[in-house]
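Trainee: Hi! I'm new to this one, could you walk me through it?
Mentor: Happy to. Have a look first, then ask away.
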Amino acid sequence: MANAQKVVSSFKEAEGTAYSMQSLDARYKSAIHEDSTQAVFTGQAQQQHITAYRQLLQNLGRYLVQNKFSWDKPTRCFNRFYFNQDGSIDYYLFNFQDVDAQKLAEFQRLMTQFIQSNKIAMQAPVKFSQCSPVVYKD
């Protein structure tokens, strides 16, 4: 069976598509939620998820450096990952503040490669999502 295409997109580009945030949020349960009945991970598993998520972001940072990508300055982003039950990344949506089009295109190209073979070190009985603000630095 072929895997579904993995998607890297800005929130704006995703609007009105099958992979808009609203569409994906209806299909992926929140990994962590203030209402524990709405969360995939609770108790000790919640802390394990936070650690695994941080590790994923660190792995992404290393991947960008290995591919000679430079931000040139601290760069703010709000991102949202959508994970399959096995922890593989199905979708990655982002919203950057003040990034030029060329740098954004290169990030999107590298991120598309990254999500093909990287995953979060967590598994769940359902598809899940995680969002956060992040500041990317060199």
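Trainee: Let's start with strand 1, residues 7-10: are V7, S9, V8 and S10 buried or exposed?
Mentor: They are all buried. V7 and S9 sit on one side and V8 and S10 on the other, with both faces of the strand covered. Keep in mind as we go that this is a predicted model.

Trainee: Okay, and how many bridges join strand 1 to strand 4?
Mentor: There are 4 bridges, and the two strands run parallel. Strand 4 covers residues 89-96.

Trainee: Which residue in strand 4 does S9 stand opposite?
Mentor: S9 faces L93 there.

Trainee: Zooming out, what is the order of the strands in the sheet?
Mentor: The order is 1-4-3-5-2, in an open sheet of 5 strands with mixed pairing. Strand 1 and strand 2 (29-30) are the edge strands, each pairing on one side only.

Trainee: And what about strand 3 and strand 5, do they run parallel or antiparallel?
Mentor: Antiparallel, with 9 bridges joining strand 3 (residues 75-83) to strand 5 (residues 128-136). For instance, Y82 has S129 in strand 5 as its bridge partner.

Trainee: Which strands does helix 3 touch?
Mentor: Helix 3 packs on the sheet against strand 3, strand 4 and strand 5. Its direction makes about 50° with that of strand 5.

Trainee: Then where does helix 4 lie?
Mentor: Helix 4 lies across strand 1, strand 3, strand 4 and strand 5. Relative to strand 4, helix 4 runs at about 160°.

Trainee: Back to the helices themselves: at what angle do helix 3 and helix 4 pack?
Mentor: The angle is about 120°, and the axes of helix 3 (residues 44-66) and helix 4 (residues 101-117) are 11 Å apart. That angle is why helix 3 counts as oblique to helix 4.

Trainee: Is their crossing left-handed or right-handed?
Mentor: The crossing of helix 3 and helix 4 is right-handed.

Trainee: Which residues meet there?
Mentor: From helix 3, you have L56, N59, L60, Y63 and L64, meeting F107, L110, M111, Q113 and F114 in helix 4. By type, the residues of this contact are 8 nonpolar, 2 polar and no charged.

Trainee: Last one: I spotted Q108, so where is that found?
Mentor: Q108 is in helix 4.

Trainee: Buried or exposed?
Mentor: Buried, because its relative accessible area is 19%, and the cut-off for buried is under 20%.

Trainee: What is Q108 in contact with?
Mentor: Leaving aside neighbours within four places in sequence, Q108 contacts V8, S9, E13 and F94.

Conventions:
Residues numbered from 1 in each chain as written. Predicted model: local features only at pLDDT ≥ 70, side-chain atom pairs only at ≥ 80, totals over all residues. Heavy atoms only, no water. Axes fitted to C-alpha atoms, helices over the stretch in contact; angles between N-to-C directions. Parallel < 35°, antiparallel > 145°, perpendicular 65-115°, else oblique. Left-handed = near helix turned anticlockwise from the far one by under 90°. Contact = heavy atoms within 4.5 Å. Nonpolar A, V, L, I, M, F, W, Y, C, P; charged D, E, K, R; others polar. Buried < 20%, exposed > 50% of the residue type's maximum accessible area, 1.4 Å probe, protein only. Pairing = 2+ DSSP bridges.
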